[in-house]
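Here is a colleague's note for someone meeting this structure for the first time. Please keep the model open while reading the points.

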Amino acid sequence: MSTISQWRLRAAFAERLSRMYGQEVPAYTTLVDVSREVNEDVLRERGADAERLGSIGRVTAERHGAIRVGTPRELQQVARVFGALGMRPVGFYDLREAAASAVPVVSTAFRPVDGEELARNPFRVFTSMLTPADPRFFDADLRARLEAFLAARELFPPELLALADRAEADRELPEEDAERFLRLAVGAFELSSEPVDRAWYGTLERISAVAADIGGVRSTHINHLTPRVLDIDELYRRMTERGIEMIDTIQGPPAWKGPDVLLRQTSFRALAEPRAMRLADGGVVSGALRVRFGEVEARGIALTRQGRALYDQLLGRVDERASHSPAEARGDIARAVWERHMPGSEEELAARGLAYFTYRLVDDRPRDGSAPPATPGELVERGWVRAEPIVYEDFLPRSAAGIFQSNLSGEGTRDNGREGTAYDTAWLSGAVGREVLDPFALYAEQRDASLTAVSERLGLAPLTAHTP
């Protein structure tokens with residue numbers, strides 16, 4: 001019997017999830033269509049430069065999804081489902097601290113980590129978990145009620161979890177079992193038709209719309225699905241021209257003349273979707289909830305810890321200038337700050353140790369009898385080696401919070417007079433039952449492996465990248 005490998009399971013799951021979400025949220029299909037049009041136009045205009053951060057095939061197929069769960073138990077279960085697809089938890093994101101409004105969640109992202117696996121299919125799922133223990137949002141009584149509600153529900157059927165464990169252990173599934181797994185997995189993220197308890201949902205919504213979306217229903221669902229686009233500013237313009245209401249800004253770095261770094265994101269606004277609502281007397285009426293939206297992203301070069309520190313510093317400068325010049329467009333402020341303080345070329349990013357690159361020999365380099373230099377920078381400068389940027393595969397907590405916040409129906413409530421419950425990467429690793437990997441370490445491994453290969457082929461002492 002033929003088998004389906006993990007990466008093919010991942011690709012099939014992403015494709016089926018996209019098809020399902022397009023049926024549930026038709027504006028998402030428009031977003032995908034416009035993204036494809038923009039990508040084709042950019043490829044035509046820029047040629048090979050357009051594929052500097054990934055082939056057009058990869059970019060076109062690329063998606064990230066977002067889901068929300070309520071408890072460590074649910075997080076462990078979803079980790080098993082994604083483990084079947086060769087996806088591991090990477091990064092810790094605390095959206096409670098990144099958002100001005102009430103977003104009581106901590107998050108990680110499940111994704112492939114191996115370079116070849118990312119090239120085959122780079123599907124990611126940004127996964128947020130509710131924090132009922134944080135007294136800034138939930139008092140003792142509401143916490144107890146919420147935890148009891150969450151404990152009583154089942155998001156993932158036992159058959160799905162058993163198949164997921166087999167797929168992860170064997171790194172494949174027989175074709176028939178793979179089909180069953182995919183049906184159950186996609187079904188777990190469909191929007192449920194079960195009536196929503198209107199009073200309970202409203203209680204949580206007064207605290208946070210995100211809390212209500214997670215803990216106010218007995219199922220989970222795909223919250224948004226995100227295609228990748230090569231020119232997000234043009235995408236934003238074309239979507240607006242089509243009458244799709246977009247959020248006010250593009251989150252992340254500004255549009256500027258220098259290299260694209262990290263991640264830029266925007267979305268169309270959450271749409272009112274009809275939902276059945278159960279009343280206190282047991283009756284069911286028609287209602288609507290506004291929780292799901294369509295996000296789109298443009299990915300740039302992964303920054304090192306030093307590069308990320310510079311990025312965060314520049315955001316602070318933008319915030320300060322914007323607070324003193326409220327009439328000036330934030331995008332214009334950010335662009336001016338970037339052009340003054342951010343390196344304007346990939347070469348300078350590499351020379352200052354601010355971004356991650358892989359290195360490979362230039363096989364057709366003219367031979368002049370000279371010995372190769374002993375540093376990566378000199379090897380690149382003298383044409384021995386080509387530096388290729390590593391795509392940023394992860395997320396930015398402030399940008400994610402900004403997207404969430406822009407699609408909330410209200411600010412919610414938050415008692416900043418109380419001390420928040422502490423969460424960190426170690427805590428999340430314990431909650432998920434798997435090590436939450438450090439994204440910086442993953443990028444450094446890619447870079448260092450390429451330098452090792454170069455040094456071995458050239459017979460040099462081990463090469464190391466520049467770090468400030």
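1. The model is a predicted one, in which local features need pLDDT of at least 70 and side-chain atom pairs count only at pLDDT 80 or more, while totals for chains, interfaces and linings use all residues. Residues are numbered from 1 along each chain as its sequence is written, and side-chain values use heavy atoms, with hydrogens and water left out.

2. Five strands form an open sheet with mixed pairing, in the order β3-β4-β5-β2-β8; strands (E, at least two residues) and helices (H or I, at least four) are DSSP runs numbered from the N terminus, and two strands pair if DSSP finds at least two bridges between them. The edge strands, each pairing on one side only, are β3 (88–94) and β8 (224–227). From one strand to the next, the twist averages 20°.

3. Strand β2 (residues 63–69) runs parallel to β5 and is joined to it by six bridges, with Phe 126 of β5 as the bridge partner of Ala 66. Strand β4 (residues 105–111) also pairs with β5 over six bridges, but in the antiparallel sense; here Phe 110 has Val 125 as its bridge partner in β5, and Val 106 stands opposite Met 129.

4. Helix α1 (residues 6–24) packs with helix α2 (residues 26–46) at an angle of about 125°, their axes being 5 Å apart. Axes are lines fitted to C-alpha atoms, for helices over the stretch in contact, and angles run from 0 to 180 degrees between N-to-C directions. In the contact (heavy atoms within 4.5 Å), Ser 18, Tyr 21, Gly 22, Gln 23 and Glu 24 of α1 meet Pro 26, Tyr 28 and Thr 29 of α2.
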